[in-house]
Amino acid sequence: YPYTLGGRVVAVMTMILGVGVLGTLAATIAAGLIEYRERGQKGLRTYMLKHHLLVLGWNEKSFGAIDDFRHDPRYLEMPICVVADLETTPIAEPVLFVRGRPGSRDSLSRSSAEFAAAAIVFANDPNNPQSDHETALIALALKKLNPKVRLSAELIDPENREHLEAAGCDAVIDTRGLASTLLVRSVQDLGVGDLLQVDGCAKLRVTA
């Protein structure tokens, strides 16, 4: 330790400045981490992904679909990225979020759509058949970037099925028709209602 007055002054200044530098550094790092997380929640980040699942659009069925996908042991390690025109992320981490129109090139590029392994397009409004036209445009935009992606789309109006297939959708699912089919099967085959249950998220769950 210093003996002289000058040495003690230097030591005091060094201690004060040292604590100040460490405090400033810690605050800067903390602020950067908070901003990084907030940008992720607001969908403002750009992700470098490969072999991931894209969820394009969002409605009340989306959460249940992602929950089912994440509980499939075959895809536990596959990243999931949601692209939707929402203010903040509709689902908690580790699911990623990109804010923007699902069919825009910027949104697709920020979600690494050209390297995605699979994609699901959800109808913008499940009660409006016009949503199928928007779904077709999203499918065309995605297929242009990534022709090999496995693409499934939600269908609202059965008459629009051929348009979605022409847009490059590998699977077109009429969720309303699926529900009605299950209702009919429940009266045709006893036990179907005990085996399959459709919950509020519009997903199928084995109960027996």
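This is a predicted model: local features need pLDDT of at least 70, side-chain atom pairs count only at pLDDT 80 or more; totals for chains, interfaces and linings use all residues.
## Helix α1 and its end

Helix α1 covers residues 5–41, which makes 37 residues. Just after α1 comes G43. G43 takes a positive phi of about 75°.

## Helix α2 and its buried face

Helix α2 runs over residues 62–70. Its buried residues are S62, G64, I66 and F69. They pack against β1 and β2, the latter covering residues 80–84.

I66 shows what this packing involves. The relative accessible area of I66 is 2%. The cut-off for buried is under 20%, so I66 qualifies. Leaving aside neighbours within four places in sequence, I66 is in contact with V55, W58, I80, V82, I91 and V95. L53 lies 13 residues from I66 along the chain. The C-alpha atoms of I66 and L53 are separated by 9.7 Å.

## Salt bridges around K61

Side chains of opposite charge can pair when their charged atoms come close. The whole structure holds six salt bridges. E60, K61 and E154 are linked in a network of them. Within it, E60 and K61 meet at 3.9 Å, N to O. E154 also bridges to K61, with the closest N and O atoms 3.0 Å apart.

E154 lies in strand β5, residues 150–155. K61 lies in the loop between β1 (53–56) and α2. The pair therefore ties together parts that are 93 residues apart in sequence. Both residues are buried. For K61, the relative accessibility is 13%.

D106 and R110 form a salt bridge at 3.3 Å, N to O. Both residues lie in helix α3, residues 105–110. They are four residues apart, about one turn of the helix. An α-helix has 3.6 residues a turn, so residues three or four places apart point the same way. R110 is buried, with a relative accessible area of 14%.

## N160 in its loop

N160 is found in the loop between β5 and α5, the helix at residues 161–166. At 10% relative accessibility, N160 counts as buried. Beyond its neighbours within four places in sequence, N160 is in contact with P129, D132, H133 and L155.

## The second largest pocket

Rolling a probe the size of a water molecule over the atoms shows where empty space is left. The second largest pocket holds about 160 Å³ of space. Its lining is made up of G57, W58, A84, D85, L86, R101, P102, F122, A123, N124, E134 and I138. By class, seven of these residues are nonpolar, two are polar and three are charged.

W58 lines the second largest pocket. W58 is also in contact with I66, one of the buried residues of α2.

Notes. Residues are numbered from 1 along each chain as its sequence is written. Side-chain values use heavy atoms; hydrogens and water are left out. On a 1 Å grid over the protein atoms alone, a cavity is a set of points where a 1.4 Å probe fits but cannot get out, and a pocket is an open set with protein on both sides within 12 Å along at least five of seven lines; lining residues have an atom within 4 Å of a point. Grid points are joined across faces, edges and corners, and a volume is the space filled by probe spheres set on the points. Ala, Val, Leu, Ile, Met, Phe, Trp, Tyr, Cys and Pro count as nonpolar, Asp, Glu, Lys and Arg as charged, and the others, Gly among them, as polar. Helices (H or I, at least four residues) and strands (E, at least two) are DSSP runs, numbered from the N terminus. Buried means under 20% relative accessible area, exposed over 50%, partly exposed in between (1.4 Å probe, protein chains only). Contact means heavy atoms within 4.5 Å. A salt bridge is a side-chain nitrogen of Lys or Arg within 4 Å of a carboxyl oxygen of Asp or Glu. The expected span of a helix is 1.5 Å times one less than its number of residues.
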